[in-house]
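Colleague: I would like to learn how to read this model feature by feature. Please take me through it briskly.

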Amino acid sequence: MLERALNQIAALLAGLAALALLAMMLHVTADVAGKYFLNAPIPGTAEVVASYYMISVVFLPLAWLEVKNGPIVVELFFDMANPTARRVMLLLGTLLSLAVYGLIAWLSWQPAVHAWEIGEIVEGAWKVVVWPTKFLLPLGLGLACLAQFTRLVLLLSGRDVLPAEDQPQHADPV
């Protein structure tokens, strides 16, 4: 049940990240068009892009990437290893990812709370309220941490955590 809920939340956040990417594209295009064709750029575009869109695109889909086994990996030794060594590598990688995601989520929580308490804004051509985006870091990282914890439980229970296309292929005896 936890796996299913995590999958749904991760997919929802990945969808929100995709919408943020689309909004960023449209916003920047409108800003450039306004600047060069109308001599009227959209005020605060740089601040909104950097504080809202980019943070959303990077941190919201982390759990989805982990649930789908989508992070970039180097399989140089993994492909040559036997199933036991592969399981050990997966276990160590999962533990390390869990620790890193957890540490960064924990470290990003207090600055997010502080930004909320002071009502943090960025001043440029326009004042942009940025404190809400500070919570996207611990949210995205915390859910990625939960995805890694789920993977750890699956690994320790002996279940395969790789998608079928990544499972080692065995030749059929002739």
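Colleague: How many salt bridges does a search of the whole structure find?

Modeller: Ground rules come first. This is a predicted model, in which local features need pLDDT of at least 70, side-chain atom pairs count only at pLDDT 80 or more, and totals for chains, interfaces and linings use all residues. Residues are numbered from 1 along each chain as its sequence is written, and side-chain values use heavy atoms, with hydrogens and water left out. A salt bridge is a side-chain nitrogen of Lys or Arg within 4 Å of a carboxyl oxygen of Asp or Glu. The search finds two.

Colleague: Which side chain does glutamate 66 meet in a salt bridge?

Modeller: That of arginine 151, at 3.7 Å from N to O. The pair links distant parts of the chain, 85 residues apart: glutamate 66 sits in helix 3 (residues 62–67) and arginine 151 in helix 5. Helices here are DSSP runs of H or I with at least four residues, strands are runs of E with at least two, and both are numbered from the N terminus.

Colleague: Is glutamate 66 buried or exposed?

Modeller: Start with the classes. Buried means under 20% relative accessible area, exposed means over 50%, and partly exposed is in between, using a 1.4 Å probe and protein chains only. Glutamate 66 has 6%, so it is buried. Arginine 151 has 12%, so it is buried too.

Colleague: Which residue pairs with lysine 134 in a salt bridge?

Modeller: Glutamate 120, at 3.6 Å from N to O. Lysine 134 lies in the loop between strand 2 (127–129) and helix 5, and glutamate 120 in the loop between helix 4 (83–118) and strand 1 (121–123), so the pair ties together parts 14 residues apart in sequence. Lysine 134 is partly exposed because its relative accessible area is 31%. Glutamate 120 is partly exposed at 24%.

Colleague: At what angle do helix 1 and helix 5 pack?

Modeller: Axes are lines fitted to C-alpha atoms, for helices over the stretch in contact, and angles run from 0 to 180 degrees between N-to-C directions. Helix 1 and helix 5 (residues 136–156) pack at about 145°, and their axes are 11 Å apart.

Colleague: Which residues of helix 1 and helix 5 meet there?

Modeller: Contact means heavy atoms within 4.5 Å. Helix 1 brings Leu2, Glu3, Leu6, Ile9 and Leu13. Helix 5 brings Leu139, Leu143, Leu146, Ala147, Thr150 and Leu154.

Colleague: What does tyrosine 101 touch?

Modeller: Leave out residues up to four places away in sequence, and tyrosine 101 touches Leu62, Glu66, Leu141, Ala144, Cys145 and Gln148. Tyrosine 101 is in helix 4. Its relative accessible area is 15%, so tyrosine 101 is buried.

Colleague: Where does valine 49 lie?

Modeller: In helix 2. Valine 49 is buried, because its relative accessible area is 9%. With residues up to four places away in sequence not counted, valine 49 touches Met24, Val28 and Met54.

Colleague: Which residues form a nonpolar patch on the surface?

Modeller: Patches are made of residues with over 30% relative accessible area and no salt bridge; like charges are joined within 9 Å, and nonpolar side chains (Val, Leu, Ile, Met, Phe, Trp, Tyr) within 5 Å. Accessible areas come from the Shrake-Rupley method with a 1.4 Å probe, and for residues only the protein chains shown count as cover. The patch consists of Leu12, Leu16, Leu19, Leu22, Met25 and Leu26, with about 580 Å² of accessible area together. Leucine 19 is in helix 1 (residues 2–37). At 52% relative accessibility, leucine 19 is exposed.

Colleague: What is the phi of asparagine 39?

Modeller: Most residues other than glycine have a negative phi. Asparagine 39 has a positive value, near 55°. Asparagine 39 sits in the loop between helix 1 and helix 2 (45–59). At 67% relative accessibility, asparagine 39 counts as exposed.

Colleague: Is isoleucine 72 buried or exposed?

Modeller: Exposed, with a relative accessible area of 87%. Isoleucine 72 lies in the loop between helix 3 and helix 4.
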